[in-house]
Amino acid sequence: MAEYRLRARLCYRKLGVKFIKESIIKAPPERVFAFHELPDALERLLPPWEKAKVIQKADISHVGSRAIIETSILGIFNIWWVAEHTAYDPPRSFEDVQIKGPFRSWRHRHIVEPHREGSVLRDEITYEMPIPIFGPLAAPVSVTPRLEKLFEYRHHVTRAWCEL
């Protein structure tokens, strides 16, 4: 764990909650970005403990393309999460926003920056809870731990592919 820096931050903003996860990956930005362009990248990034299934894949290189994931809320309700790609700037960043899903709003920026050891992979997520007034109270208990675990897994999978 000491060989690369890991960082997760959570910030409460007036218009939502911001979650940031950063990792150093010992590979050039082009390779890290290329991982996300793989046709099966989304399936690779879904952890086995999440009850989620990719219904429709999106091509991140096409702004406007949509991914649809069937997931469950509290292990009880199945919903479709629809994310639309809104920005594509290889090998630096791409972005998706929730069109339909469990949050009032969700914006996910995937950023890859050069680093002396390779690259920094940073995921920045800004979201609003379905009932915004409860966001600052509910997010640390219900959403943040899940995001931390999810993005720890995602960065591990990305690192494993990129550092081969």
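The model is predicted, so local features need pLDDT of at least 70 and side-chain atom pairs count only at pLDDT 80 or more, while totals for chains, interfaces and linings use all residues. Residues are numbered from 1 along each chain as its sequence is written, and side-chain values use heavy atoms, with hydrogens and water left out.

**Overall fold**

- The chain has three helices and eight strands; these are DSSP runs numbered from the N terminus, with helices being H or I of at least four residues and strands E of at least two.
- Along the sequence, the elements follow the order β-β-α-α-β-β-β-β-β-β-α.
- Of the 164 residues, 43% count as buried, where buried means under 20% relative accessible area with a 1.4 Å probe, protein chains only.
- The accessible surface comes to about 9,100 Å², and 58% of this surface belongs to carbon and sulfur atoms; the areas come from the Shrake-Rupley method with a 1.4 Å probe.
- Among contacts between residues at least 6 apart in sequence, 46% join residues at least 24 apart; a contact means heavy atoms within 4.5 Å.

**The largest pocket**

- The largest pocket has a volume of about 1,000 Å³. A pocket is an open set of points on a 1 Å grid over the protein atoms alone, with protein on both sides within 12 Å along at least five of seven lines, and lining residues have an atom within 4 Å of a point. Points are joined across faces, edges and corners, and a volume is the space filled by probe spheres set on them.
- Its lining holds 41 residues, and I69, W81, W106, L150 and R154 lie nearest the centre.
- By class, this pocket lining divides into 26 nonpolar, seven polar and eight charged residues. Ala, Val, Leu, Ile, Met, Phe, Trp, Tyr, Cys and Pro count as nonpolar, Asp, Glu, Lys and Arg as charged, and the others, Gly among them, as polar.
- Helix α3 gives the most to the pocket lining, with seven residues.
- Elements that each supply at least two residues to this lining include α1 (29–37), β4 (66–73) and β5 (77–89).

**The largest cavity**

- The count comes to one cavity of 30 Å³ or more; a cavity is a set of grid points where a 1.4 Å probe fits but cannot get out.
- The largest cavity has a volume of about 40 Å³.
- Two or more lining residues come from each of β7 (105–115), β8 (118–128) and α3 (135–162), and α3 provides the largest share, four residues.
- The cavity is lined by H36, L45, H108, H110, L121, D123, F151, R154, H155 and T158, which by class are three nonpolar, five polar and two charged residues.

**The surroundings of S65**

- S65 is in the loop between β3 (53–56) and β4, and S65 is buried, with a relative accessible area of 16%.
- The side chain of S65 reaches the backbone oxygen of D59 at 2.7 Å, and a polar atom of that side chain lies 2.9 Å from the backbone oxygen of H62. A polar contact is a pair of N or O atoms within 3.5 Å; within protein, one must be able to donate a hydrogen and the other to accept it, and residues adjacent in sequence count only if both atoms are side-chain atoms.
- Leaving aside residues up to four places away in sequence, S65 touches A58, D59, I60, A83, E84 and H85.
- S65 and H85 are 20 residues apart in sequence and 5.6 Å apart in space, C-alpha to C-alpha.

**A cis peptide bond**

- P90 and P91 are joined by a cis peptide bond, with omega about -10 degrees.
- P91 lies in the loop between β5 and β6.
- Most peptide bonds are trans.

Note on methods:
Buried < 20%, exposed > 50% of the residue type's maximum accessible area, 1.4 Å probe, protein only.
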